[in-house]
Structures are given as structure tokens and as C-alpha cells.
Amino acid sequence: MKKEERYEKIREILSRRIIETQEDLTEALRLEGIDVTQATVSRDIKELMLTKVPMGRGRYRYAVPAVHAEGAGFFQASRIARLFRDTVLGVDASENLIVVKTMPGAANAVASAIDYAKWPQVIGTIAGDDNILLVIKPKDAVPEVLSLLDAMVKDAENR
């Protein structure tokens with residue numbers, strides 16, 4: 001099965017079922033006859049820019065972004081500003097590492113936006129549920145990246 005066909009199947013599954021974890025999605029794909037690994041599902045979630053949305057009672061489920069055009073459409077400045085305004089809680093740094101704190105379930109979307117920005121000082125991001133680790137190179141570029149992140153948060157507050 002081609003990747004795009006699998007993506008379409010994932011979108012279909014998410015439109016008709018509540019999927020709370022990567023394991024749930026892996027199992028749902030297997031029930032559809034698509035044999036995938038958890039690593040593949042993890043990559044698919046990132047590439048599809050799926051987000052976790054609250055369901056109530058402290059539970060979250062995966063969802064496809066409401067407006068999801070390939071490429072730049074998803075990353076319009078207004079969408080990034082709204083994403084930062086609605087989800088980023090704080091930023092802190094140590095040595096060549098920056099941690100961005102987000103609302104639960106929002107770290108992947110924010111990390112994807114940061115990755116999309118292609119800042120040359122950011123050599124990688126790792127997103128959990130509500131924290132993002134940015135690895136910065138060179139170390140003396142940390143203040144510059146903090147300034148870029150601060151500008152995104154301020155831009156979000158001014159919209």
C-alpha cells in the first residue's frame with residue numbers, strides 16, 4: 001500500500017472512530033488489513049500533522065487539522081500565531097537546549113511548525129505530549145532562537 005493510500009485510510013478512521021493512542025491507530029489500521037509498525041504510525045502522525053484534541057474528563061483523541069492543505073497552507077502566519085497563542089505556555093533554555101512547554105496534546109503541532117520554519121540554528125526537535133526539546137547549534141545561537149520564539153508568542157498575543 002502506498003503512503004498516500006495509508007494516509008487516506010488514517011483520515012477515514014479518525015473521522016469515524018475515537019483514537020486516543022498510537023497503539024489504537026496501529027490496531028485500527030491492522031483491522032483494516034494494513035500491517036504497520038508503531039514507528040510507521042508515529043511517522044504518519046507527524047507527517048499528517050495530527051493533533052490531540054480534548055474529549056473531556058482529561059482524555060484526548062487524535063484529529064486531522066480542520067484546514068489541512070499540503071505544504072504552506074497549514075503553516076500560514078495566522079495559523080502559527082493562533083497555535084502559539086492557544087497552546088504555548090512557556091519557554092526555557094539551558095546550554096544548547098530549549099524547552100517549549102505547551103498545553104497537553106499540542107507539542108507535536110507546535111514542533112511541526114518550528115520544524116517547518118527551518119531555522120538553521122535548530123538542528124532538531126523532539127516532541128512529547130506537552131513539551132518540546134529544541135537542540136540548538138551553535139550554543140551561542142540560543143538567545144537568537146529564544147528571541148524568534150518570543151516574537152512568535154508576542155505575534156500571537158497581538159492577533
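Tutor: A salt bridge is a side-chain nitrogen of Lys or Arg within 4 Å of a carboxyl oxygen of Asp or Glu. The model is predicted: local features need pLDDT of at least 70, side-chain atom pairs count only at pLDDT 80 or more, and totals for chains, interfaces and linings use all residues. Residues are numbered from 1 along each chain as its sequence is written, and side-chain values use heavy atoms, with hydrogens and water left out.

Student: At what N to O distance do the side chains of Asp86 and Arg85 meet in a salt bridge?

Tutor: Relative accessible area is classed as buried (under 20%), exposed (over 50%) or partly exposed in between, with a 1.4 Å probe and protein chains only. Asp86 counts as partly exposed because its relative accessibility is 45%, and Arg85 counts as partly exposed because its value is 38%. The side chains of these two residues form a salt bridge with an N to O distance of 3.1 Å.

Student: How many residues apart are Lys139 and Glu95?

Tutor: The side chains of Lys139 and Glu95 meet in a salt bridge at 3.0 Å, N to O. Lys139 lies in the loop between strand 6 (131–136) and helix 6 (142–157), and Glu95 in the loop between strand 3 (88–94) and strand 4 (97–102); helices (H or I, at least four residues) and strands (E, at least two) are DSSP runs, numbered from the N terminus. Glu95 is exposed because its relative accessible area is 55%. The pair links distant parts of the chain, its members being apart by 44 residues.

Student: Which residues do salt bridges that share partners join into one network?

Tutor: One of the bridges concerned pairs the side chains of Glu32 and Arg16 at 2.5 Å, N to O. Glu32 is in the loop between helix 2 (22–31) and helix 3 (38–47), whereas Arg16 is in helix 1 (residues 3–16). Glu32 counts as partly exposed because its relative accessibility is 33%, as does Arg16 because its value is 44%. The network consists of Lys9, Glu12, Arg16 and Glu32.

Student: How many salt bridges does the count come to?

Tutor: The rule given at the outset, applied to the model, settles this. The count comes to 12 salt bridges.

Student: What pattern does the protein follow along the sequence?

Tutor: The secondary structure comes to six helices and six strands. Of the 159 residues in the protein, 38% are buried. Read along the sequence, the pattern is α-α-α-β-β-α-β-β-α-β-β-α.
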